[in-house]
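User: I would like to learn how to read a few features of a protein model, one at a time. Could you walk me through them with an example?

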Amino acid sequence: MSHNRKKILVTNDDGINGEGLKVLVDSLRSVCDVYVLAPDSNRSAVSSKITLGERFRFQKYGADSYSCSGTPADCVICALTSPLFGCSFDAVISGINAGPNMGTDVIYSGTCAAARQAVLMGIPGIAVSLESCFFDYADSGFNFKPLADFTAQNLDTLISLCTGEVFVSLNATSADEYTEAAFASLCSRDYGDKVSIEHEGGDSFSGLCSAGPLRVAGNADSDYALARSGKIAVSLIYAEPVLKPMNQKTDFIFGSL
C-alpha cells in the first residue's frame, strides 16, 4: 500500500460477492488503496440498522478484504472503530448497488445507510447505485464498469462534495458510457406495497408484503429523470435529519382524560 494514496473503505448491501462491489474495487485500485468490509450476504433494504448485543463474525477474502455478519452500517462502524485494518480512512464508498436508490429509496437503502454512517462518524461517504438497462428493479442488465470508472476518475471531486453534513449519492441507468453528470433533486417513489393475510389456524396468522406498480414523481432535475435521460445523477443528502422550520403557534392540550 502507498503512503501517498487515499485509503478508501468499500462496502455495500448486496454482500461480499456482489458483482458491483468487485467491479468498483477493480476501478478504484487504479487511483487509491482499497479496503473491503462488506456483509456476508445480501442486506438490501435494511436501512441504518445496527447490531447490538451480538458478536460480529468476519471472514477474510484476500488482502485487506473481509466479510462481516452485520449490516452495511455495522461494516462502517467496525472498520472505523476496530483494529481490523489498522489504519484510518479518507472516505467510504458503498456500492455499486444492483438497482437504483433514488428518492424515497434512500430511506430504506442499506447502500445509502453505509455512506450516511460514514458522514455521521466524520468522514466522507459516497453511495453508488446502478439501475438496470431494463429499468427499476430488474435482476439483470447491469454494466457496472462505466459507473465504477466515473467514481474512480472523480474520486477527489466526489469526496470534496461531502462537506461534513451531506453524503453523495450517485444514480445512473446502465449504459456503455456516460458523457454528463448533473446535480439532482430527489424524486418520490410509491411502491404500492400491500400485505396479504392468511389464517394459519387458531390465533395464528401470517402476512406477505408484495409491491404493486411503482409510481414515481419528481421534477425534471430529479435523480429519476436525469438517470433515465442517460446522465449520472449526483445528489447531496443530509446525513442528519433536517427539521422543517415551525413558523406557527400551536396550542397543545394538557391534563388527564
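Analyst: Gladly! Keep in mind that this is a predicted model. Let's start with burial: a residue counts as buried when its relative accessible area is under 20%. Pro 146 has a relative accessible area of 15%, so Pro 146 is buried.

User: Where is Pro 146 placed, and which residues does Pro 146 touch?

Analyst: Pro 146 belongs to helix H5, which spans residues 145–153. Leaving aside residues up to four places away in sequence, Pro 146 touches Ala 175, Asp 176, Glu 177 and Tyr 178.

User: Which residues touch the most other members of the largest nonpolar core?

Analyst: Val 10 and Leu 147 do, in a core of 34 residues. The element that gives the most to this core is helix H1 (residues 19–28), with five residues. Apart from this core lies another, of 15 residues, including Leu 9, Leu 37, Cys 68 and Ala 79. As for Leu 147, its contacts are Ile 96, Val 128, Ser 129, Leu 130, Ala 172, Tyr 178 and Ile 232, again without counting residues up to four places away in sequence.

User: Is Ser 65 buried or exposed?

Analyst: Use the cut-off again: buried means under 20%. Ser 65 has a relative accessible area of 9%, so Ser 65 is buried. Ser 65 sits in strand S4 (residues 65–68). Not counting residues up to four places away in sequence, Ser 65 touches Ile 16, Val 36, Gln 59, Lys 60 and Phe 85.

User: How many disulfides are there?

Analyst: A disulfide is a covalent bond between the sulfur atoms of two cysteines. To call one here, the two sulfur atoms must be within 2.5 Å. The count comes to zero disulfides. For Cys 32, the nearest cysteine sulfur is that of Cys 87, 12 Å away. Cys 32 is buried, with a relative accessible area of 1%. For Cys 68, the nearest cysteine sulfur is that of Cys 75, at 4.3 Å, and Cys 68 is in no disulfide. Cys 68 is buried too, with a relative accessible area of 0%.

User: What lines the largest pocket?

Analyst: Its lining has 18 residues, and Ser 44, Ala 45, Pro 100, Asn 101 and Tyr 137 lie nearest the centre. Strand S5 (91–98) and helix H3 (105–108) are the elements that give two or more residues to the lining. By type, the lining divides into eight nonpolar, five polar and five charged residues. The space in this pocket is about 400 Å³.

Notes
Residues are numbered from 1 along each chain as its sequence is written. This is a predicted model: local features need pLDDT of at least 70, side-chain atom pairs count only at pLDDT 80 or more; totals for chains, interfaces and linings use all residues. Side-chain values use heavy atoms; hydrogens and water are left out. A nonpolar core is a set of buried Ala, Val, Leu, Ile, Met, Phe, Trp, Tyr and Cys residues joined through side-chain atoms within 4.5 Å. Buried means under 20% relative accessible area, exposed over 50%, partly exposed in between (1.4 Å probe, protein chains only). Helices (H or I, at least four residues) and strands (E, at least two) are DSSP runs, numbered from the N terminus. Contact means heavy atoms within 4.5 Å. On a 1 Å grid over the protein atoms alone, a cavity is a set of points where a 1.4 Å probe fits but cannot get out, and a pocket is an open set with protein on both sides within 12 Å along at least five of seven lines; lining residues have an atom within 4 Å of a point. Grid points are joined across faces, edges and corners, and a volume is the space filled by probe spheres set on the points. Ala, Val, Leu, Ile, Met, Phe, Trp, Tyr, Cys and Pro count as nonpolar, Asp, Glu, Lys and Arg as charged, and the others, Gly among them, as polar.
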